[in-house]
Amino acid sequence: MVKDRIILGIDPGTIVMGYGVLKIEGNRPMVEAMGVLQLNKYENHYLRLRKIFERVLALIDQYHPDELAIEAPFFGKNVQSMLKLGRAQGVAMAAALERDVPIFEYAPLKIKMAITGNGNAAKEQVAGMLQRLFKLPDEAMLPQLDATDGLAAAVCHYFQTNSPVSERKYTGWKDFIAKNPGKVH
């Protein structure tokens with residue numbers, strides 16, 4: 001029996017933070033919610049961090065996720081941008097820790113690969129694949145590229161933890177053949 005669960009996905013950012021809530025019933029994932037937190041109206045960087053913390057806490061309190069999947073910071077040329085992104089990720093993680101929600105980090109390349117099969121996919125390609133996968137309407141997608149990135153983190157985590165391969169453990173080829181007689185001719 002597969003336990004129903006909820007995964008909160010976060011795409012951290014200090015200008016826009018995207019999030020997606022994935023509800024899994026049985027083994028069927030459904031989009032519960034997705035959206036963005038616009039932070040550009042706040043001039044103070046520390047106030048932005050506070051808003052991220054408060055919004056993630058509010059999302060956790062509203063949806064009661066079993067796990068948080070978050071995009072890990074990537075290495076870039078602009079050190080200041082990387083530091084700000086790391087802080088945004090850190091306060092989102094602190095909110096999850098505050099509510100005892102387990103955290104799983106995924107590199108952007110891994111998330112894109114899980115969703116599109118291409119680690120260098122553009123945001124639009126990720127959004128398009130999620131739109132097809134969950135039959136989301138066009139109007140839900142266009143202004144929400146950061147939201148779909150948050151949702152993509154949750155879907156990546158779902159794929160990582162629901163893979164049929166991970167459910168079967170084999171000690172070797174003999175064990176595999178013994179447990180799968182119809183697959184070997």
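Reader: How many of the residues in strand β1 are buried?

Author: Keep in mind that this is a predicted model. Strand β1 covers residues 5-11 and is mostly covered. Buried here means under 20% relative accessible area. By that cut-off, the number of buried residues in β1 is seven of seven.

Reader: Which residue in β2 is the bridge partner of Asp11?

Author: Start with the hairpin: β1 and β2 are its two strands, with four residues between them. They pair in the antiparallel sense over seven bridges, with β2 spanning residues 16-25. Asp11's partner in β2 is Gly18.

Reader: Switching to helices, at roughly what angle do α4 and α6 cross?

Author: Helix α4 is residues 123-134 and helix α6 is residues 145-162. Their crossing is left-handed. The axes come within 9 Å, and the angle is roughly 65 degrees.

Reader: How many nonpolar residues are in the contact of α4 with α6?

Author: On the α4 side, the residues that meet α6 include Val126, Leu130 and Phe134. Among those they meet in α6 are Leu151, Val155 and Phe159. Sorted by class, the contact has one polar residue, four charged ones, and a nonpolar count of ten.

Methods
Residues are numbered from 1 along each chain as its sequence is written. This is a predicted model: local features need pLDDT of at least 70, side-chain atom pairs count only at pLDDT 80 or more; totals for chains, interfaces and linings use all residues. Side-chain values use heavy atoms; hydrogens and water are left out. Axes are lines fitted to C-alpha atoms, for helices over the stretch in contact, and angles run from 0 to 180 degrees between N-to-C directions. A crossing is left-handed if the near helix is turned anticlockwise from the far one by less than a right angle, and right-handed if clockwise. Contact means heavy atoms within 4.5 Å. Ala, Val, Leu, Ile, Met, Phe, Trp, Tyr, Cys and Pro count as nonpolar, Asp, Glu, Lys and Arg as charged, and the others, Gly among them, as polar. Buried means under 20% relative accessible area, exposed over 50%, partly exposed in between (1.4 Å probe, protein chains only). Two strands pair if DSSP finds at least two bridges between them.
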